[in-house]
Amino acid sequence: MTDLWNLNADDGELILRTGVAGRAARMGHRLTLTMSRWQASVNWSDGQPEWAELTVAVDSLEVLRGEGGVKGLSGPEQALVRSNALKSLSAKRFPEVRFTADVIEKTVDGYRLDGTLNVRGKTRAHAVDLRLDDCGDHWALAAESVVRQTDFGVKPYSMLVGALRVADDVTVVFSARRSKND
């Protein structure tokens, strides 16, 4: 028996968290961003996931907040952060980010998804540990993974001749729920 799960932003959230680096890092903001358009599919066969895929629309990036820094992040500054991020990701040329899991292995609290991540036209091997919790009437899915921007040709945004820059590692946090009645 096969079952296809389709999830999107109505079912959960996809959050990115950045850090700051450089000699002037105290002046910068640690950013929390969200991707508001994404689609995840998981194909189940005989109660086990066979493959999974996540596709994210790069231009759906939104700035939720910036923590730290000399002062708070204003609305116009949030717009500038978004613009700089889309430019760094070459969003017009590469409108999607895609993760495809070809090998899925059961773990103690979920599954390990081994596959490929494609960002900005570059594909690299990537693994994600996905937690799957039985919550009675629904399943709760959660994952956290670190992606190094430079592995995909993304130059982290910087200013002040590199004294202040976005950290290379970005933490991606995924959470969703799937009703057992679907």
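# A guided reading of the model

Colleague: Is Ala 40 buried or exposed?
Modeller: The structure is a predicted model. The relative accessible area of Ala 40 is 7%. The cut-off for a buried residue is under 20%, so Ala 40 is buried.

Colleague: In which strand is Ala 40 found, and what is the C-alpha distance from Ala 40 to Phe 99?
Modeller: Ala 40 has its place in strand E4. Without counting residues up to four places away in sequence, Ala 40 touches Trp 5, Asn 6, Leu 7, Glu 53 and Leu 54. Phe 99 is 59 residues from Ala 40 in sequence. From C-alpha to C-alpha, the two residues are separated by 9.3 Å.

Colleague: Where in the protein is confidence highest?
Modeller: The average pLDDT of the protein is 89, and 91% of the residues score at least 70. Strand E11, residues 158–159, has the lowest confidence, with a mean of 65. The highest mean is 97, and this value belongs to residues 110–119, strand E8.

Colleague: Which residues touch the most other members of the largest nonpolar core?
Modeller: In soluble globular proteins, nonpolar side chains tend to be buried together. The largest nonpolar core here has 41 residues. Leaving aside residues up to four places away in sequence, Trp 38 has contacts that include Leu 7, Leu 14, Leu 54, Val 56 and Phe 174. The members that touch the most others are Trp 38, Leu 113 and Phe 174.

Colleague: How many aromatic pairs does a search of the whole structure find, and why is the pair of Trp 5 and Trp 44 given its class?
Modeller: The search finds 3 aromatic pairs. The ring centres of Trp 5 and Trp 44 are 4.9 Å apart, and their planes are at 40°. Stacked pairs have planes under 30 degrees apart and edge-to-face pairs over 60, so this pair is tilted.

Colleague: How many residues apart in sequence are the parts that the pair of Trp 5 and Trp 44 ties together?
Modeller: Trp 5 is in strand E1, residues 2–8, whereas Trp 44 is in strand E4. Trp 5 is buried at 6% relative accessibility, and Trp 44 is buried with a relative accessible area of 11%. The separation in sequence of the parts tied together is 39 residues.

Colleague: What class of aromatic pair do Trp 44 and Tyr 111 form?
Modeller: The two ring centres are 6.0 Å apart, with 85° between the planes. This pair links distant parts of the chain, with Trp 44 in strand E4 and Tyr 111 in strand E8, 67 residues apart. Tyr 111 counts as buried, at 6% relative accessibility. The class of the Trp 44 and Tyr 111 pair is edge-to-face.

Colleague: Which residues form one aromatic cluster, and which charged residue sits over the ring of Tyr 111?
Modeller: The cluster is formed by Trp 5, Trp 44 and Tyr 111. Elsewhere, the charged end of Lys 180 sits over the ring of Trp 139, 4.6 Å from its centre. Over the ring of Tyr 111, at 4.9 Å from the centre, sits the charged end of Lys 106.

Colleague: Against which strands do the buried residues of helix H1 pack?
Modeller: Helix H1 covers residues 75–88 and reaches 20 Å from its first C-alpha to its last, close to the 20 Å expected. Its buried residues are Val 81, Asn 84, Ala 85, Leu 86 and Ser 88. These buried residues pack against strands E3 and E6.

Colleague: Is Asp 46 buried or exposed, and what is its phi?
Modeller: Asp 46 lies in the loop between strands E4 and E5. With 62% relative accessibility, Asp 46 counts as exposed. Asp 46 is not a glycine, yet its phi is positive, near 50°.

Colleague: What is the phi of Arg 120?
Modeller: Arg 120 lies in the loop between E8 and strand E9. At 23% relative accessibility, Arg 120 counts as partly exposed. Although Arg 120 is not a glycine, its phi is positive, at about 55°.

Colleague: What distance separates the C-alpha atoms of Val 108 and Leu 132?
Modeller: Val 108 is in the loop between strands E7 and E8. Val 108 is exposed, with a relative accessible area of 86%. Leu 132 is 24 residues from Val 108 along the chain, and their C-alpha atoms are separated by 9.8 Å.

Key:
Residues are numbered from 1 along each chain as its sequence is written. This is a predicted model: local features need pLDDT of at least 70, side-chain atom pairs count only at pLDDT 80 or more; totals for chains, interfaces and linings use all residues. Side-chain values use heavy atoms; hydrogens and water are left out. A nonpolar core is a set of buried Ala, Val, Leu, Ile, Met, Phe, Trp, Tyr and Cys residues joined through side-chain atoms within 4.5 Å. Buried means under 20% relative accessible area, exposed over 50%, partly exposed in between (1.4 Å probe, protein chains only). Contact means heavy atoms within 4.5 Å. pLDDT is the predictor's confidence in each residue, from 0 to 100. Helices (H or I, at least four residues) and strands (E, at least two) are DSSP runs, numbered from the N terminus. Rings of Phe, Tyr and Trp (its six-membered ring) pair if their centres lie within 6.5 Å; planes under 30 degrees apart count as stacked, over 60 as edge-to-face and the rest as tilted. A charge sits over a ring if NZ of Lys or CZ of Arg is within 6 Å of the ring centre and within 35 degrees of the ring normal. The expected span of a helix is 1.5 Å times one less than its number of residues.
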